[in-house]
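Keep the structure in view as you go.

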Amino acid sequence: MENINEKDHSPLANLDVWEDDVLQRYPEEGPAKKKEEFRNYDSPERDSVREFYRLNHKYQTYDNVLAKKANFLKFDKKEMPWWQAMEYLNTLVDDSDPDISLDQLQHLLQTAEAIRADGHPDWFVLTGFIHDLGKVLCLFGEPQWNVVGDTFPVGCAFSDKIVYPEFFAANPDIHDERFNTKYGVYSHQCGLDKVNMSWGHDEYLYQITKDYLPEPALYMIRYHSFYSQHREHAYDHLLSAHDQEMFKWVDKFNPYDLYSKSPKPPVVSELKPYYEDLIAKYLPATVKL
Ligand SMILES: [Fe+2]
Ligand SMILES: [Fe+2]
């Protein structure tokens, strides 16, 4: 049955389907609601999420991560002003019902506006606004499994706390003695900066912004999809004491990402001047992708 082109396959109707699935896994009111309202394993959407994770867990190998870093960390694809890059991200069109789904820019503005409404520092607001810009990887032809999905360390054993752990059975790294032990190529509490995470929009945007934003912002960007750590604490043996301290910020950020969706779309033209100012305060005039 194996399709020779399955690596290129992107089963989700759009990237939001993954985030909707995370929301169902970690609902705002706790697990009780999850049971009552969301246990619908037969939906086509759930099937596409399963297929998405099957591909993600099979192909996110140590070598995949090194290859993607070698390619994308050259930042030689495009260069443009930041606001224009946000609009470029927004060209990621999806085939879902436009009446119910927010576009990328709307999700980012809602996240940022919720952070702003709670009186957080302006760099935190800016982080909310840009946190998913790395999804432009899709526009560079990357399949969904190399752009979104829960992220996790590669180069060591995969935790069974990662969603759909059974799909790691098809990942060749589990047969590689360098990578298939608890610590793999790492050591006890070596710090996440030494750890290669599965490739996706989180690491990519971290690498783009690492010289410009305060450290808590960089942790939020880099680890916002690392649910097996920030929700399940599956990799405490790799985090340094400093990582643990910084993950308090990741925890602070996560609810804004997941639970700020309101049906009322933000008015982009009204908000643009404020965000243009924030961008100018912290970031260079253009972004190299
Ligand atoms: Fe994200
Ligand atoms: Fe997001």
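Where does Q189 lie? Q189 sits in the loop between helix 7 (122–130) and helix 8.

Some housekeeping first. This is a predicted model, in which local features need pLDDT of at least 70 and side-chain atom pairs count only at pLDDT 80 or more, while totals for chains, interfaces and linings use all residues. Residues are numbered from 1 along each chain as its sequence is written, and chains are lettered from A and ligands numbered from 1 in the order in which they are written.

1. Back to Q189. Its phi is near 50°, a positive value in a residue other than glycine. Most residues other than glycine have a negative phi. Q189 counts as partly exposed because it has 15 C-beta neighbours inside 10 Å; with C-beta atoms placed from the backbone, 20 or more others within 10 Å make a residue buried, 12 or fewer exposed, and anything in between partly exposed. Helices here are DSSP runs (H or I, at least four residues), as are strands (E, at least two), numbered from the N terminus.

2. H233 also deserves a look: its phi is near 55°, again positive in a residue other than glycine. H233 is in the loop between helix 10 (227–230) and helix 11 (241–259), and it is partly exposed, with 13 other C-beta atoms within 10 Å.

3. V147 lies in the loop between helix 7 and helix 8. Is V147 buried or exposed? It counts as buried, because 25 C-beta neighbours fall inside 10 Å. Leaving aside neighbours within four places in sequence, V147 is in contact (C-beta atoms, placed from the backbone, within 7 Å) with L15, K135, L137, C138, E142, G200 and H201. The C-alpha atoms of V147 and P121, 26 residues apart along the chain, are 28 Å apart.

4. Now helix 5 (residues 82–89), where W82, A85, M86 and L89 are buried. They share one side of the helix, because they cover an arc of only 100° around the axis, taken from the directions from the helix axis to the C-beta atoms. Among the elements covering them are strand 1 (79–81), helix 6 (104–117), helix 12 (268–282) and strand 2 (286–288).

5. How do helix 8 (residues 201–209) and helix 9 (residues 215–223) cross? Their axes come within 7 Å and cross at roughly 150°; axes are lines fitted to C-alpha atoms, for helices over the stretch in contact, and angles run from 0 to 180 degrees between N-to-C directions. Helix 8 brings D202, E203, L205, Y206 and T209 to the contact, and helix 9 brings L218, I221, R222 and Y223.

6. The largest nonpolar core has 56 residues, and W18, F52, A85, V125, F129, L133 and L205 have the most contacts inside it. A core here is a set of buried Ala, Val, Leu, Ile, Met, Phe, Trp, Tyr and Cys residues joined through C-beta atoms within 7 Å. Helix 9 gives the most to this core, with six residues. Apart from it lies another core of 10 residues, including Y62, L192, W199 and Y235.

7. Finally, P44 belongs to helix 3 (residues 44–59) and is exposed, with 8 other C-beta atoms within 10 Å.

Methods: Two residues are in contact if their C-beta atoms, placed from the backbone, lie within 7 Å.
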